[in-house]
Amino acid sequence: SADSVIYRWDLGSGEFSFSDNLTSVFPFNDVPPRNESAWLELISDQDQVAWLDQKAQWLSQQTPSTIRYRIAGEGKTVWVRQSGVSVNNGAQVIGVINFHCRPPATMPIDVRGMKVSSISMSGPEVISPNTAYVYPQELV
């Protein structure tokens, strides 16, 4: 996706490295955080525990998994989808971060009551992958 970056997270040092397109897709003017503690500060208070739980899952499993959470800055909140998988015997997590994804509650529901991913949507309901779901702080 045009709003995504590839990342590598060294769990020993806590340092993140990103693909070269990070500054063009990062939703804020500030310099993107490059370590775990700065990244955690960027994550909304409501989502920090879930992100830490996801980190524990990445460390304990060798299968990819994904989390959606909010990052806040410059008076706005942006939903993020982060996918990752533990590699190198748990020394690193690699994956993709999409900086402009839908909030979980806005995912369409099909006739079976299951959430429909944007890739399987068709017709007039299709949302451009470049659509940012940004909310003022007071609405989040």
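The following legends describe close-up views of a predicted model.

**View 1. Ser24 in helix α1.** Helix α1 spans residues 22-25 and includes Ser24. Ser24 is exposed, its relative accessible area being 60%; this value qualifies because exposed denotes over 50%. The side chain of Ser24 lies 2.8 Å from the backbone oxygen of Asn21.

**View 2. The largest nonpolar core.** This core comprises 23 residues, among which Trp39, Trp51, Ile71 and Phe99 have the most contacts inside it. At least two core residues come from each of β1 (4-10), β2 (16-18), α1, α2 (36-42), α3 (48-60), β3 (65-73), β4 (76-87) and β5 (92-98). In soluble globular proteins, nonpolar side chains tend to be buried together.

**View 3. Surroundings of Ile71.** Leaving aside residues up to four places away in sequence, Ile71 touches Pro27, Phe28, Leu42, Ile43, Ser44, Lys76, Thr77, Val78, Val80 and Phe99. Phe99, like Ile71, is listed with the most contacts inside the largest nonpolar core.

**View 4. Strand β5 and its two pairings.** Of the seven residues of β5, five are buried, so the strand is largely enclosed by the rest of the structure. Strand β1 pairs with β5 in the antiparallel sense over seven bridges, and Ser4 stands opposite Asn98 of β5. The pairing of β4 with β5 is likewise antiparallel and has seven bridges; here Val85 stands opposite Ile94.

**View 5. The β4-β5 hairpin.** Four residues lie between β4 and β5 in this hairpin. Asn88, in the turn, has a positive phi of about 55 degrees.

Methods. Residues numbered from 1 in each chain as written. Predicted model: local features only at pLDDT ≥ 70, side-chain atom pairs only at ≥ 80, totals over all residues. Heavy atoms only, no water. Buried < 20%, exposed > 50% of the residue type's maximum accessible area, 1.4 Å probe, protein only. Polar contact = N/O pair within 3.5 Å; in protein donor to acceptor, adjacent residues only side chain to side chain. Core = buried A, V, L, I, M, F, W, Y, C linked by side-chain atoms within 4.5 Å. Contact = heavy atoms within 4.5 Å. Pairing = 2+ DSSP bridges.
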